Amino acid sequence: MNKRLLILSAVVLLGACGENADQKIARARQEIAEMRFGAAKVDLSAALADKGDDPALLRMLAAVQLRMGDGDGADATAARMERAGLKGAELALIRAEAAVLRGRPEDALALITQDNSPAAWRIRAAARLAMKDPEGALVALRQGAAAGNDPLLLRDYAKFLTESGDLDGAAQQVATLERLAPDGYDAPMLKADIAARRGRPAEAHAVLGKLAERYPAVVEPWIARAEIYDMEGKLDEAIRMTAKAADVAPADPRVVALQVQFASMKGDWEKVRETLADQESTLDPLSTNGMTYAEAMLRLNHPEQARAMFQRALTRSPNNPYSRLMLAQAQMATGDAAAAYATVKPLSDSLLAGPPELELAEMAARAIESPDAGKLAQRLAAAKAGTSQVLIQKGEKALATQDWNAAAAAYGQLAATGDDAEVMKRLAMALSHLGRTDEAIRAADRARALKPEDPDTTYMAGYVRAAGGKDTATGIALLKQASEASPQNITFRRSLARFSVAQGG
């Protein structure tokens, strides 16, 4: 540390030493209101050192630690509370939530067996999610909402419903949360998320902009705005929001991930490599960072390394089109045209294939002297000049903005040009949201007939039935089948829970 920093640190420490415990507590309360939990934790710990294990201060510290996700710290604080004479349901709730955060959900459930308060139901829901039991989590959230209005439970309930695709149900919980805490943080964040998912980015930006002004030390509004601008295709604005996020929390993994993502979109592969090189051995192949790093290796002339990374990603998620396309590119770059053609063929065969997929397929087909090369060349020329790409783009935009009429029109026209599972799946989704259940079932069943082993088509065949209230038992069975085939898919699991619980009353 340089001399100037040492002097500044000493000045800060001397200033802190001159404060009494009440001043530290007052500042901690303000920091909690501003959601500066790290600073509040420091001030509360200092106040406790001055005043001893005051029960009220210990409660505040435990609440801060739980909000920070610090299960070990909260558990240690609970032990201090017990030594200070606290006991009963309050202490059990703190220990139970800390147990969930520490990866011990079974212990959490055992601690609150007899507690039927909303807070206890919220912790049960968190424990059930940690145990990969979304149906049990949803039951607990519903029980908690029935037991009373608790802001944190309503927050978790709305998040669950949002991730299961029930945006109307989530909005209802957010409305209740907003009435309970009109000046709170959670309700606006949830409203912005729902608005973005409904294709209303301007509404989301307005809400997030106000939140960022109100909570300047909180990074989430900036991250959310960057992600929304990215979805809108406004890269420069997304980068600007990411820079704002980096000013608040430069080391936050989510901020780093956005910086990596946007560097890749700008073609700055060296920056991607430099940022992620230290994490190479621990990167999840299916994560955005993992696949972006793999692409950086390909672009920086390390195709064998890229090939191995994309192979791992595709093995774990065979329906990921990006990893499939990139693996095929890596295979071509290593001189294995036959493998590249086999890899890219499911993409190039689709009606949704664009120039990147068709160009790579045609190149690989020519390299292995496949008779398909001529036909692929014709399709590539048509894709560059024809109306199918316009329809594809319209359909994708309509899905992103939840313009279901436009989506149904675009994918309906594409479906008329030939059989394609992905087109029929997207058409089924649009028709389902328009309440055209019978048509949605026919489209989803056609998609499943074309790709019967694909969990995505199985899911859609189940979803349109369950959402439309037609042949619900079959729909739930199909949702269960899709969830079992793709257990890592959160949407599958939570949709299954949503409709199963609704069916059970």
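A residue counts as buried under 20% relative accessible area, as exposed over 50%, and as partly exposed in between (1.4 Å probe, protein chains only). Of the 505 residues of the chain, 47% are buried.

This is a predicted model: local features need pLDDT of at least 70, side-chain atom pairs count only at pLDDT 80 or more, and totals for chains, interfaces and linings use all residues. Numbering runs from 1 along each chain as its sequence is written, and side-chain values use heavy atoms, with hydrogens and water left out.

Aromatic rings of Phe, Tyr and Trp (its six-membered ring) pair if their centres lie within 6.5 Å; planes under 30 degrees apart are stacked, over 60 edge-to-face, the rest tilted. That rule gives five aromatic pairs. One of them joins Tyr185 and Tyr215, edge-to-face, with 5.4 Å between centres and 85° between planes. Tyr185 lies in the loop between helix 11 (167-180) and helix 12 (186-197), and Tyr215 in the loop between helix 13 (201-214) and helix 14 (220-232), so the pair ties together parts 30 residues apart in sequence. Both tyrosines are buried.

| Residue | Relative accessible area |
|---|---|
| Tyr185 | 10% |
| Tyr215 | 6% |

Elsewhere, ring pairs link Tyr459, Tyr463, Phe492 and Phe499 into a cluster.

Methods. Helix = DSSP H or I, 4+ residues; strand = E, 2+ residues; numbered from the N terminus.
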